[in-house]
Amino acid sequence: MEFTELIHSRESIRDYDPDRPVPKEIIEKILDAGRLAPSACNYQPWKFLVISSPAMLEKIKACYKRDWFKEAPHIIVATGFKNQAWNRSYDNYNSVETDVAIAMTHIILAAENEGVGTCWIAAYDPSLLKKALNIDKNQQVFAITPLGYPKPGFRKSSGKKRKPLVEIVEFL
C-alpha cells in the first residue's frame, strides 16, 4: 500500500474475529517494523511481548475491561527499559517513552499494511498487567494493542475527523 493511502486508511479497530488468528509469519513481519524503528542513539530500549496463548490472553485481557478487546486473538505489549535509553545531558530527559512510541507506531502501520487490525490502548490497569506479565522491575509497559483481523462484514468509517493543518501548524 502507498504510504499516504496507508495513513489515511488506518483506524483503530474494535471488532475482532476471535476465530481467525494472524499467521506467525505476518506477526513477525509486523514486529520487524517495530524492530527497524529509529531510537535515540540507536539504543533500541524496547521489548515487544506477543500474547497468543489462551491462558496468557485471559490474564492480559483482565487489565482492560472491554468486550471487543476480549475477542482479539493476539495482544502486543510494548515495553521499554528506562535504564537502556538515552538521556539528554542538559536536563536528564529520558527517551524511552518516545522511542517505544515510535516503534509502536511502526508496528501499527505495518499491521494496517497487512490488513490486520490494531487499537493503541493506554487505559489498561498497569498493576494487573505487570502482575500478569511478571516483568522485570526495569521494564515498563507503555502501550498495548489487540492484534487481529476484523470480523466478516466489518466496514471502516468513511473518513477521519482531524483538525485542519491551519489549526495545528505554524510556519516561522
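**Exercise 1.** Decide whether Trp68 and Phe69 are buried or exposed.

*Solution.* Start with the source: this is a predicted model, where local features need pLDDT of at least 70, side-chain atom pairs count only at pLDDT 80 or more, and totals for chains, interfaces and linings use all residues. Residues are numbered from 1 along each chain as its sequence is written, and side-chain values use heavy atoms, without hydrogens and water. Next, the cut-offs: buried means under 20% relative accessible area, exposed over 50%, partly exposed in between (1.4 Å probe, protein chains only). Both Trp68 and Phe69 are buried. Phe69 counts as buried because its relative accessibility is 0%.

**Exercise 2.** Classify the ring pair of Trp68 and Phe69.

*Solution.* Take the rule first. Rings of Phe, Tyr and Trp (its six-membered ring) pair if their centres lie within 6.5 Å; planes under 30 degrees apart are stacked, over 60 edge-to-face, the rest tilted. By this rule there are five aromatic pairs. Tyr64 and Phe69 make an edge-to-face pair, at 5.2 Å centre to centre and 85 degrees between the planes. Trp68 and Phe69 are also edge-to-face, at 6.2 Å and 85 degrees. One aromatic cluster holds Tyr16, Tyr64, Trp68 and Phe69.

**Exercise 3.** Find the ring under the charged end of Arg20.

*Solution.* Apply the test: NZ of Lys or CZ of Arg must be within 6 Å of the ring centre and within 35 degrees of the ring normal. The ring is that of Tyr149. The charged end of Arg20 sits over this ring, 3.8 Å from its centre.
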